Amino acid sequence: MPRNVVVLLDNADGRAMIKHACKANGLHFAEFVELVQSEVEQTGKMRRAGLWDSFDDILDRIQVDE
């Protein structure tokens with residue numbers, strides 16, 4: 001499922017707002033988008049196997065980037 005189903009990511013004002021919030025919280029915008037994408041891909045699935053693994057992989061990269 002494409003990430004643009006998340007309305008804030010689908011318009012310039014929403015993206016700007018999220019980028020500002022990410023910067024204020026020390027998170028790269030691209031990594032935030034990956035976290036959202038991981039959740040969106042799980043929407044509607046009965047089992048969420050692998051979701052936490054995806055989050056862990058992204059969050060581990062964030063810590064390495066610091």
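Visitor: Is V33 buried or exposed?
Guide: This is a predicted model, and in it V33 is buried, because its relative accessible area of 9% falls under the 20% limit.

Visitor: Which helix holds V33?
Guide: V33 is found in helix α2.

Visitor: How far is V33 from I18 in space?
Guide: The C-alpha atoms of V33 and I18 are 9.6 Å apart, while the two residues are separated by 15 positions in sequence.

Visitor: Which residues make up the largest nonpolar core?
Guide: That core has seven residues, namely L9, I18, C22, F29, V33, V36 and V40. The elements giving two or more residues to this core are α1, spanning 12-24, and α2.

Visitor: Which element supplies the largest share of that core?
Guide: Helix α2 does, with four residues. As general background, nonpolar side chains in soluble globular proteins tend to be buried together.

Visitor: Take C22, then. What is C22 in contact with, leaving aside its neighbours within four places in sequence?
Guide: C22 is in contact with L27, F29 and F32.

Visitor: And F29: which residue lies over the face of its ring?
Guide: K19 lies over the face of F29, at 5.1 Å from the ring centre.

Visitor: How many aromatic pairs does the structure hold?
Guide: The structure holds zero aromatic pairs.

Visitor: Changing topic to charges: how many salt bridges are counted?
Guide: The count comes to one salt bridge. E34 forms this salt bridge with R61, and the closest N and O atoms are 2.5 Å apart.

Visitor: Where do the two partners sit?
Guide: E34 belongs to helix α2, residues 29-42, and R61 to helix α3, residues 51-65. The pair links distant parts of the chain, with the two residues 27 positions apart. In general terms, side chains of opposite charge can pair when their charged atoms come close.

Visitor: Why does E34 count as partly exposed?
Guide: E34 counts as partly exposed because its relative accessibility is 31%, and that class lies between the 20% and 50% limits.

Visitor: What about R61: what is its relative accessible area?
Guide: R61 has a relative accessible area of 36%, so R61 is partly exposed.

Visitor: Not counting residues up to four places away in sequence, what does E34 touch?
Guide: E34 touches I58 and R61.

Visitor: How far is E34 from S54?
Guide: E34 and S54 are 9.0 Å apart, C-alpha to C-alpha, and 20 residues apart in sequence.

Visitor: Let us turn to the whole protein. How many helices and strands are there?
Guide: There are three helices and zero strands. From the N terminus on, the elements run α-α-α.

Visitor: What percentage of the residues count as buried?
Guide: Of the 66 residues, 26% count as buried.

Visitor: One more on contacts. Among those between residues at least 6 apart in sequence, what percentage join residues at least 24 apart?
Guide: The figure is 41% of those contacts.

Note on methods
Residues numbered from 1 in each chain as written. Predicted model: local features only at pLDDT ≥ 70, side-chain atom pairs only at ≥ 80, totals over all residues. Heavy atoms only, no water. Salt bridge = Lys/Arg side-chain N within 4 Å of Asp/Glu carboxyl O. Buried < 20%, exposed > 50% of the residue type's maximum accessible area, 1.4 Å probe, protein only. Core = buried A, V, L, I, M, F, W, Y, C linked by side-chain atoms within 4.5 Å. Contact = heavy atoms within 4.5 Å. Phe/Tyr/Trp six-rings, centres within 6.5 Å; stacked < 30°, edge-to-face > 60°. Lys NZ or Arg CZ within 6 Å of the ring centre and 35° of its normal.
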